[in-house]
Amino acid sequence: MSDGWNSRAVHGDAQVPRTAGAVSPPIVQTSTFAADSAREFADLALEKRGSGFYTRYGNPNHAQVAAVLADLEGAEAATVFASGMAAITTTVLALVRAGDHVVLQRRHYGGVPSLLLNLLPKFGVTCTQVDQTDVRAFAAALRPRTRLVLVESPSNPLLDITDLRAVSALARDSDALTVADNTFATPVNSRPLALGADLVWHSATKYLGGHSDLSAGVLAGPAALLDRIWDTAVITGAVLGPFDAWLLLRGIRTLPLRMRQHNANGLALAHAMRAHPAVANVYYPGLPDHPGHATAAAQMDGYGGVVSLELAGGYPAAERFVDGLRLARRAASLGSVETLVVHPATMWQAILHADQVEDAAMSPGLIRLSAGIEDTADLVADVTRSLDAL
Ligand SMILES: *Cc1c(COP(=O)(O)O)cnc(C)c1O
(Lines give C-alpha, C1' and ligand atoms only; values in the text may rest on other atoms or scores of the structure.)
Protein backbone atom coordinates (compact mmCIF):
# COMPACT_ATOMS: atom_id res chain seq x y z
CA MET A 1 0.00 0.00 0.00
CA SER A 2 1.58 3.25 -1.13
CA ASP A 3 -0.87 5.78 0.34
CA GLY A 4 0.17 7.99 3.25
CA TRP A 5 -1.00 7.51 6.82
CA ASN A 6 -3.92 9.91 6.64
CA SER A 7 -5.26 8.23 3.50
CA ARG A 8 -4.86 4.77 4.97
CA ALA A 9 -6.64 5.69 8.18
CA VAL A 10 -9.58 6.95 6.11
CA HIS A 11 -9.63 4.33 3.32
CA GLY A 12 -7.98 1.23 4.85
CA ASP A 13 -11.37 -0.52 5.03
CA ALA A 14 -12.22 0.15 1.36
CA GLN A 15 -12.48 -3.60 0.65
CA VAL A 16 -15.10 -4.13 3.35
CA PRO A 17 -18.63 -4.18 1.85
CA ARG A 18 -20.70 -1.04 2.51
CA THR A 19 -24.31 -1.09 3.52
CA ALA A 20 -26.72 0.73 1.21
CA GLY A 21 -24.15 3.36 0.26
CA ALA A 22 -23.83 4.71 3.77
CA VAL A 23 -20.67 6.82 4.05
CA SER A 24 -20.54 6.47 7.82
CA PRO A 25 -20.98 2.78 8.55
CA PRO A 26 -24.24 1.69 10.17
CA ILE A 27 -23.88 0.25 13.65
CA VAL A 28 -24.91 -3.38 13.35
CA GLN A 29 -26.38 -3.57 16.84
CA THR A 30 -27.35 -7.20 16.83
CA SER A 31 -26.24 -10.20 18.83
CA THR A 32 -27.14 -12.72 16.15
CA PHE A 33 -27.62 -13.06 12.37
CA ALA A 34 -30.27 -14.98 10.44
CA ALA A 35 -29.27 -17.28 7.59
CA ASP A 36 -31.38 -17.78 4.46
CA SER A 37 -31.16 -21.57 4.66
CA ALA A 38 -29.99 -24.39 6.88
CA ARG A 39 -26.99 -24.87 4.59
CA GLU A 40 -25.99 -21.20 4.86
CA PHE A 41 -26.40 -21.35 8.63
CA ALA A 42 -23.97 -24.27 8.78
CA ASP A 43 -21.45 -22.40 6.62
CA LEU A 44 -21.67 -19.27 8.78
CA ALA A 45 -21.30 -21.29 11.97
CA LEU A 46 -18.06 -22.83 10.72
CA GLU A 47 -16.45 -19.66 9.39
CA LYS A 48 -13.44 -18.48 11.37
CA ARG A 49 -13.29 -14.73 12.13
CA GLY A 50 -16.47 -14.22 10.12
CA SER A 51 -18.96 -11.46 10.80
CA GLY A 52 -22.39 -12.89 10.12
CA PHE A 53 -23.11 -15.64 12.65
CA TYR A 54 -23.16 -14.38 16.25
CA THR A 55 -21.53 -11.18 17.52
CA ARG A 56 -19.21 -12.97 19.96
CA TYR A 57 -17.83 -14.73 16.85
CA GLY A 58 -17.62 -11.50 14.87
CA ASN A 59 -19.67 -8.53 13.71
CA PRO A 60 -19.49 -6.24 10.63
CA ASN A 61 -18.34 -3.33 12.83
CA HIS A 62 -15.48 -5.52 14.08
CA ALA A 63 -14.53 -6.49 10.53
CA GLN A 64 -14.47 -2.89 9.34
CA VAL A 65 -12.26 -1.51 12.12
CA ALA A 66 -10.03 -4.61 11.97
CA ALA A 67 -9.43 -4.01 8.25
CA VAL A 68 -8.09 -0.50 8.91
CA LEU A 69 -5.94 -1.67 11.81
CA ALA A 70 -4.46 -4.54 9.79
CA ASP A 71 -3.61 -2.10 7.02
CA LEU A 72 -1.96 0.40 9.39
CA GLU A 73 0.09 -2.33 11.10
CA GLY A 74 1.09 -3.92 7.78
CA ALA A 75 -0.59 -7.15 8.92
CA GLU A 76 -2.51 -9.77 6.99
CA ALA A 77 -5.39 -9.55 9.48
CA ALA A 78 -6.53 -8.12 12.80
CA THR A 79 -9.02 -9.04 15.50
CA VAL A 80 -10.67 -6.78 18.05
CA PHE A 81 -11.40 -7.43 21.72
CA ALA A 82 -13.25 -5.76 24.57
CA SER A 83 -10.00 -4.38 26.03
CA GLY A 84 -6.24 -4.49 25.62
CA MET A 85 -6.01 -6.99 28.49
CA ALA A 86 -8.55 -9.21 26.75
CA ALA A 87 -6.35 -9.19 23.63
CA ILE A 88 -3.16 -10.23 25.43
CA THR A 89 -4.82 -12.69 27.82
CA THR A 90 -6.56 -14.46 24.96
CA THR A 91 -3.37 -14.49 22.89
CA VAL A 92 -1.27 -15.99 25.67
CA LEU A 93 -3.91 -18.57 26.62
CA ALA A 94 -4.21 -19.58 22.97
CA LEU A 95 -0.50 -20.05 22.35
CA VAL A 96 0.91 -21.71 25.48
CA ARG A 97 0.34 -25.03 27.24
CA ALA A 98 1.50 -26.55 30.53
CA GLY A 99 5.30 -26.80 30.61
CA ASP A 100 5.83 -23.84 28.28
CA HIS A 101 7.85 -20.77 29.14
CA VAL A 102 7.35 -17.08 28.33
CA VAL A 103 9.95 -14.31 28.31
CA LEU A 104 8.70 -10.85 29.20
CA GLN A 105 10.22 -7.52 30.15
CA ARG A 106 10.75 -6.33 33.67
CA ARG A 107 8.76 -3.23 32.74
CA HIS A 108 5.39 -3.61 31.10
CA TYR A 109 1.93 -2.25 31.51
CA GLY A 110 1.07 -3.66 34.97
CA GLY A 111 -1.59 -6.10 33.76
CA VAL A 112 0.91 -8.07 31.67
CA PRO A 113 3.18 -9.17 34.55
CA SER A 114 0.02 -9.86 36.57
CA LEU A 115 -1.11 -12.25 33.84
CA LEU A 116 2.25 -14.02 33.59
CA LEU A 117 3.23 -14.03 37.26
CA ASN A 118 -0.16 -14.54 38.92
CA LEU A 119 -2.46 -16.34 36.49
CA LEU A 120 -0.37 -18.48 34.13
CA PRO A 121 1.57 -20.39 36.84
CA LYS A 122 -1.79 -21.99 37.79
CA PHE A 123 -1.70 -23.66 34.40
CA GLY A 124 1.93 -24.79 34.59
CA VAL A 125 3.37 -21.98 32.47
CA THR A 126 6.53 -20.30 33.75
CA CYS A 127 8.15 -17.03 32.78
CA THR A 128 11.36 -15.02 33.01
CA GLN A 129 11.48 -11.22 33.21
CA VAL A 130 14.39 -9.45 31.59
CA ASP A 131 15.80 -5.95 31.28
CA GLN A 132 14.33 -4.84 27.97
CA THR A 133 17.27 -2.55 27.21
CA ASP A 134 19.68 -5.51 27.19
CA VAL A 135 19.36 -7.74 24.10
CA ARG A 136 21.71 -10.30 25.68
CA ALA A 137 19.30 -10.70 28.58
CA PHE A 138 16.62 -11.88 26.13
CA ALA A 139 19.13 -14.31 24.57
CA ALA A 140 20.04 -15.70 27.98
CA ALA A 141 16.38 -16.14 29.00
CA LEU A 142 15.29 -18.20 25.98
CA ARG A 143 14.75 -21.90 26.64
CA PRO A 144 13.74 -24.85 24.46
CA ARG A 145 10.15 -24.51 25.75
CA THR A 146 9.98 -20.71 25.34
CA ARG A 147 6.90 -20.13 23.17
CA LEU A 148 6.44 -16.37 23.49
CA VAL A 149 8.59 -13.30 23.93
CA LEU A 150 6.49 -10.33 25.08
CA VAL A 151 7.87 -6.89 24.34
CA GLU A 152 6.58 -3.35 24.90
CA SER A 153 8.40 -0.34 23.46
CA PRO A 154 8.32 2.37 24.59
CA SER A 155 7.27 0.84 27.90
CA ASN A 156 5.00 2.12 30.60
CA PRO A 157 5.84 4.37 32.45
CA LEU A 158 9.58 5.04 31.93
CA LEU A 159 9.57 4.89 28.14
CA ASP A 160 12.34 2.30 27.97
CA ILE A 161 13.12 1.11 24.47
CA THR A 162 13.39 -2.50 23.30
CA ASP A 163 15.47 -3.26 20.20
CA LEU A 164 12.53 -4.88 18.41
CA ARG A 165 14.55 -6.05 15.40
CA ALA A 166 17.25 -7.76 17.47
CA VAL A 167 14.86 -9.35 19.97
CA SER A 168 12.49 -10.60 17.25
CA ALA A 169 15.42 -12.21 15.41
CA LEU A 170 16.58 -13.97 18.59
CA ALA A 171 13.07 -15.26 19.27
CA ARG A 172 12.69 -16.49 15.70
CA ASP A 173 15.97 -18.44 15.90
CA SER A 174 14.58 -20.07 19.03
CA ASP A 175 11.15 -20.87 17.46
CA ALA A 176 9.41 -18.47 19.84
CA LEU A 177 6.85 -15.89 18.72
CA THR A 178 7.44 -12.22 19.47
CA VAL A 179 4.30 -10.40 20.63
CA ALA A 180 4.69 -6.61 20.71
CA ASP A 181 2.54 -4.16 22.68
CA ASN A 182 2.43 -1.15 20.34
CA THR A 183 0.07 0.95 22.47
CA PHE A 184 2.51 3.78 23.22
CA ALA A 185 3.90 4.09 19.69
CA THR A 186 0.83 3.35 17.52
CA PRO A 187 1.42 2.20 13.94
CA VAL A 188 1.98 5.82 12.97
CA ASN A 189 5.20 5.88 14.99
CA SER A 190 6.34 2.23 14.83
CA ARG A 191 5.45 -0.99 12.96
CA PRO A 192 6.76 -3.95 14.99
CA LEU A 193 5.70 -6.52 12.35
CA ALA A 194 8.02 -4.89 9.81
CA LEU A 195 10.81 -5.16 12.38
CA GLY A 196 10.27 -8.91 12.74
CA ALA A 197 7.62 -9.32 15.45
CA ASP A 198 4.98 -12.01 14.81
CA LEU A 199 2.01 -10.35 16.47
CA VAL A 200 1.25 -6.80 17.53
CA TRP A 201 -1.41 -5.80 20.04
CA HIS A 202 -2.82 -2.60 21.48
CA SER A 203 -4.88 -1.19 24.18
CA ALA A 204 -7.12 0.56 21.65
CA THR A 205 -8.55 2.34 24.68
CA LYS A 206 -5.57 4.71 24.33
CA TYR A 207 -4.34 6.41 21.11
CA LEU A 208 -6.32 4.32 18.62
CA GLY A 209 -9.65 5.31 20.14
CA GLY A 210 -8.08 8.55 21.22
CA HIS A 211 -11.01 10.23 23.00
CA SER A 212 -11.29 8.50 26.41
CA ASP A 213 -14.71 7.21 25.39
CA LEU A 214 -14.23 3.48 24.83
CA SER A 215 -12.43 0.37 25.98
CA ALA A 216 -11.04 -1.93 23.27
CA GLY A 217 -8.12 -4.12 22.29
CA VAL A 218 -6.60 -5.16 18.97
CA LEU A 219 -4.36 -7.97 17.81
CA ALA A 220 -2.80 -7.95 14.32
CA GLY A 221 -0.66 -10.50 12.49
CA PRO A 222 -0.78 -13.48 10.11
CA ALA A 223 -4.32 -14.77 9.40
CA ALA A 224 -3.44 -18.39 10.28
CA LEU A 225 -2.19 -17.37 13.71
CA LEU A 226 -5.21 -15.12 14.28
CA ASP A 227 -7.51 -18.03 13.38
CA ARG A 228 -5.95 -20.06 16.21
CA ILE A 229 -6.27 -17.19 18.67
CA TRP A 230 -9.84 -16.52 17.55
CA ASP A 231 -10.74 -20.09 18.57
CA THR A 232 -9.75 -19.08 22.12
CA ALA A 233 -11.36 -15.64 21.84
CA VAL A 234 -14.71 -17.29 21.24
CA ILE A 235 -14.20 -19.13 24.53
CA THR A 236 -12.87 -16.22 26.61
CA GLY A 237 -15.73 -14.17 25.21
CA ALA A 238 -14.32 -10.66 25.69
CA VAL A 239 -16.33 -9.32 22.79
CA LEU A 240 -16.22 -5.69 21.69
CA GLY A 241 -19.69 -4.14 21.48
CA PRO A 242 -20.68 -3.02 17.96
CA PHE A 243 -21.07 0.58 19.07
CA ASP A 244 -17.60 0.63 20.64
CA ALA A 245 -16.16 -0.86 17.42
CA TRP A 246 -17.87 1.95 15.53
CA LEU A 247 -16.45 4.57 17.92
CA LEU A 248 -13.00 3.02 17.54
CA LEU A 249 -13.21 3.29 13.76
CA ARG A 250 -14.23 6.92 14.12
CA GLY A 251 -11.24 7.54 16.38
CA ILE A 252 -8.79 5.87 14.00
CA ARG A 253 -9.84 8.09 11.08
CA THR A 254 -7.92 10.94 12.76
CA LEU A 255 -5.11 8.89 14.34
CA PRO A 256 -2.31 10.17 12.06
CA LEU A 257 -3.45 13.79 12.50
CA ARG A 258 -3.63 13.39 16.26
CA MET A 259 -0.27 11.63 16.48
CA ARG A 260 1.41 14.55 14.75
CA GLN A 261 0.26 16.85 17.54
CA HIS A 262 0.91 14.30 20.31
CA ASN A 263 4.47 13.85 18.98
CA ALA A 264 5.09 17.59 18.81
CA ASN A 265 3.68 18.17 22.29
CA GLY A 266 5.60 15.28 23.86
CA LEU A 267 8.90 16.50 22.45
CA ALA A 268 8.32 20.15 23.40
CA LEU A 269 7.27 19.22 26.95
CA ALA A 270 10.25 16.91 27.40
CA HIS A 271 12.62 19.72 26.45
CA ALA A 272 10.85 22.26 28.67
CA MET A 273 10.86 19.89 31.66
CA ARG A 274 14.49 19.02 31.18
CA ALA A 275 15.44 22.68 31.28
CA HIS A 276 13.63 23.23 34.62
CA PRO A 277 15.56 23.12 37.92
CA ALA A 278 12.69 21.41 39.83
CA VAL A 279 12.97 18.37 37.55
CA ALA A 280 15.52 15.68 38.40
CA ASN A 281 14.91 13.40 35.40
CA VAL A 282 12.91 13.36 32.21
CA TYR A 283 12.07 10.08 30.49
CA TYR A 284 11.31 10.58 26.80
CA PRO A 285 12.91 8.57 23.98
CA GLY A 286 12.97 11.63 21.72
CA LEU A 287 15.57 13.31 23.94
CA PRO A 288 19.04 12.70 22.46
CA ASP A 289 20.47 11.62 25.82
CA HIS A 290 17.72 9.06 26.56
CA PRO A 291 19.59 5.72 26.79
CA GLY A 292 17.34 4.19 24.14
CA HIS A 293 17.37 7.16 21.78
CA ALA A 294 19.52 5.62 19.03
CA THR A 295 17.38 2.47 18.93
CA ALA A 296 14.19 4.53 19.11
CA ALA A 297 15.37 6.73 16.24
CA ALA A 298 16.05 3.60 14.16
CA GLN A 299 12.63 2.01 14.74
CA MET A 300 10.28 4.95 15.33
CA ASP A 301 9.03 7.87 13.22
CA GLY A 302 7.97 9.92 16.23
CA TYR A 303 8.10 9.48 20.00
CA GLY A 304 4.52 9.95 21.10
CA GLY A 305 2.85 12.11 23.70
CA VAL A 306 3.76 10.32 26.92
CA VAL A 307 6.52 11.96 28.97
CA SER A 308 7.50 10.89 32.46
CA LEU A 309 9.34 13.19 34.81
CA GLU A 310 10.89 12.80 38.20
CA LEU A 311 10.65 15.79 40.51
CA ALA A 312 13.58 16.65 42.75
CA GLY A 313 11.15 17.34 45.62
CA GLY A 314 9.78 13.76 45.74
CA TYR A 315 6.20 12.85 46.70
CA PRO A 316 5.03 16.25 48.03
CA ALA A 317 6.39 18.06 44.98
CA ALA A 318 4.70 15.51 42.70
CA GLU A 319 1.36 16.10 44.40
CA ARG A 320 1.73 19.87 44.18
CA PHE A 321 2.83 19.74 40.54
CA VAL A 322 -0.13 17.61 39.53
CA ASP A 323 -2.57 19.81 41.42
CA GLY A 324 -1.09 22.94 39.83
CA LEU A 325 -1.76 21.90 36.25
CA ARG A 326 -4.74 23.57 34.60
CA LEU A 327 -4.86 21.80 31.25
CA ALA A 328 -4.27 18.26 32.54
CA ARG A 329 -6.94 15.97 33.92
CA ARG A 330 -5.90 13.76 36.83
CA ALA A 331 -6.98 10.43 35.42
CA ALA A 332 -5.64 6.98 34.61
CA SER A 333 -5.13 6.12 30.93
CA LEU A 334 -3.25 7.96 28.21
CA GLY A 335 -3.31 8.70 24.50
CA SER A 336 -6.40 10.85 24.46
CA VAL A 337 -7.11 14.27 22.96
CA GLU A 338 -6.99 15.82 26.44
CA THR A 339 -3.81 15.86 28.52
CA LEU A 340 -3.90 13.29 31.31
CA VAL A 341 -1.57 13.08 34.27
CA VAL A 342 -0.95 10.36 36.86
CA HIS A 343 1.28 10.08 39.87
CA PRO A 344 2.13 6.36 39.75
CA ALA A 345 3.17 6.12 43.39
CA THR A 346 -0.43 6.83 44.37
CA MET A 347 -2.09 4.82 41.63
CA TRP A 348 -0.36 1.54 40.94
CA GLN A 349 0.43 0.14 44.37
CA ALA A 350 -2.72 -1.95 44.27
CA ILE A 351 -2.31 -3.52 40.85
CA LEU A 352 1.42 -4.12 40.53
CA HIS A 353 3.08 -7.36 41.44
CA ALA A 354 4.91 -7.06 44.77
CA ASP A 355 8.35 -7.47 43.11
CA GLN A 356 7.84 -4.31 41.12
CA VAL A 357 7.16 -1.92 43.95
CA GLU A 358 10.88 -1.19 44.40
CA ASP A 359 11.22 -0.37 40.71
CA ALA A 360 12.21 3.13 39.57
CA ALA A 361 8.80 3.23 37.93
CA MET A 362 7.35 3.51 41.44
CA SER A 363 9.62 6.32 42.57
CA PRO A 364 7.59 8.73 44.78
CA GLY A 365 8.47 11.79 42.69
CA LEU A 366 7.63 10.21 39.34
CA ILE A 367 4.82 11.61 37.21
CA ARG A 368 3.52 10.30 33.89
CA LEU A 369 2.03 12.93 31.65
CA SER A 370 0.19 12.04 28.47
CA ALA A 371 0.18 15.16 26.32
CA GLY A 372 -3.09 15.66 24.49
CA ILE A 373 -3.61 17.60 21.28
CA GLU A 374 -3.88 21.05 22.88
CA ASP A 375 -1.65 23.79 21.45
CA THR A 376 1.99 23.15 22.24
CA ALA A 377 2.60 26.63 23.64
CA ASP A 378 -0.35 26.31 26.03
CA LEU A 379 0.83 22.96 27.40
CA VAL A 380 4.41 24.16 27.81
CA ALA A 381 3.17 27.28 29.62
CA ASP A 382 0.93 25.23 31.92
CA VAL A 383 3.65 22.74 32.86
CA THR A 384 6.24 25.49 33.31
CA ARG A 385 3.89 27.50 35.53
CA SER A 386 3.21 24.50 37.74
CA LEU A 387 6.92 23.66 37.99
CA ASP A 388 7.79 27.29 38.78
CA ALA A 389 5.36 27.17 41.73
CA LEU A 390 7.16 24.28 43.45
C1 LIG B 1 -3.74 0.51 29.06
C2 LIG B 1 -2.68 -0.39 28.54
C3 LIG B 1 -2.91 -1.77 28.41
C4 LIG B 1 -4.19 -2.43 28.86
O5 LIG B 1 -5.25 -2.11 28.02
P6 LIG B 1 -6.80 -2.02 28.49
O7 LIG B 1 -7.48 -1.54 27.26
O8 LIG B 1 -6.87 -1.07 29.64
O9 LIG B 1 -7.17 -3.40 28.89
C10 LIG B 1 -1.90 -2.53 27.87
N11 LIG B 1 -0.72 -2.00 27.49
C12 LIG B 1 -0.46 -0.69 27.62
C13 LIG B 1 0.86 -0.17 27.20
C14 LIG B 1 -1.43 0.15 28.15
O15 LIG B 1 -1.17 1.45 28.29
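The model is predicted: local features need pLDDT of at least 70, side-chain atom pairs count only at pLDDT 80 or more, and totals for chains, interfaces and linings use all residues. Residues are numbered from 1 along each chain as its sequence is written, and side-chain values use heavy atoms, with hydrogens and water left out. Helices (H or I, at least four residues) and strands (E, at least two) are DSSP runs numbered from the N terminus.

**Ligand site**

- D181 places a polar side-chain atom 2.7 Å from a nitrogen atom of the ligand.
- T205 has a polar side-chain atom 2.7 Å from an oxygen atom of the ligand.
- From M85, a polar backbone atom lies 2.8 Å from an oxygen atom of the ligand.
- A polar contact is a pair of N or O atoms within 3.5 Å; within protein, one must be able to donate a hydrogen and the other to accept it, and residues adjacent in sequence count only if both atoms are side-chain atoms.
- On its own the ligand has 380 Å² of accessible area, and the protein covers 91% of this (Shrake-Rupley method with a 1.4 Å probe; for residues, only the protein chains shown count as cover).

**Seven-stranded sheet**

- Seven strands form an open sheet with mixed pairing, in the order β1-β7-β6-β5-β4-β2-β3; two strands pair if DSSP finds at least two bridges between them.
- The edges are β1 (77–81) and β3 (126–130), each with a single partner strand, so one side of each has no neighbour in the sheet.
- From one strand to the next, the twist averages 20°; axes are lines fitted to C-alpha atoms, for helices over the stretch in contact, and angles run from 0 to 180 degrees between N-to-C directions.
- Five bridges join β1 to β7 (residues 217–221) in the antiparallel sense, and F81 stands opposite G217 in β7.
- Helix α7 (residues 164–173) packs on this sheet, touching β4 (146–152) and β5 (177–181), with its direction at about 175° to that of β4; contact means heavy atoms within 4.5 Å.
- Helix α9 (residues 223–236) also packs on the sheet, where it touches β1, β5, β6 and β7 and makes an angle of about 20° with the direction of β1.

**Five-stranded sheet**

- A further open sheet has five strands in the order β8-β9-β12-β11-β10, again with mixed pairing.
- Its edge strands, β8 (279–283) and β10 (328–330), each pair on one side only.
- Neighbouring strands here are turned by 25° against each other on average, direction ignored.
- The pairing of β11 (residues 339–342) with β12 (residues 366–370) is antiparallel and has three bridges; V341 has L369 of β12 as its bridge partner.
- Helix α15 (residues 376–388) lies across β8, β9 (306–311), β10, β11 and β12, at about 15° to β9.

**Loops and backbone geometry**

- R253 belongs to the loop between α10 (242–252) and α11 (255–274), and its side chain reaches the backbone oxygen of V10 at 2.9 Å.
- Neighbours within four places in sequence aside, R253 is in contact with A9, V10, H11, D13, Q64 and V68.
- The loop between β4 and α7 holds P154, whose peptide bond from S153 is cis with omega near -10°.
- P157 is also in the loop between β4 and α7, and a cis peptide bond with omega of about -5° joins N156 to P157.
- R49, in the loop between α2 (38–46) and α3 (60–73), has a phi near 50°, a positive value in a residue other than glycine.
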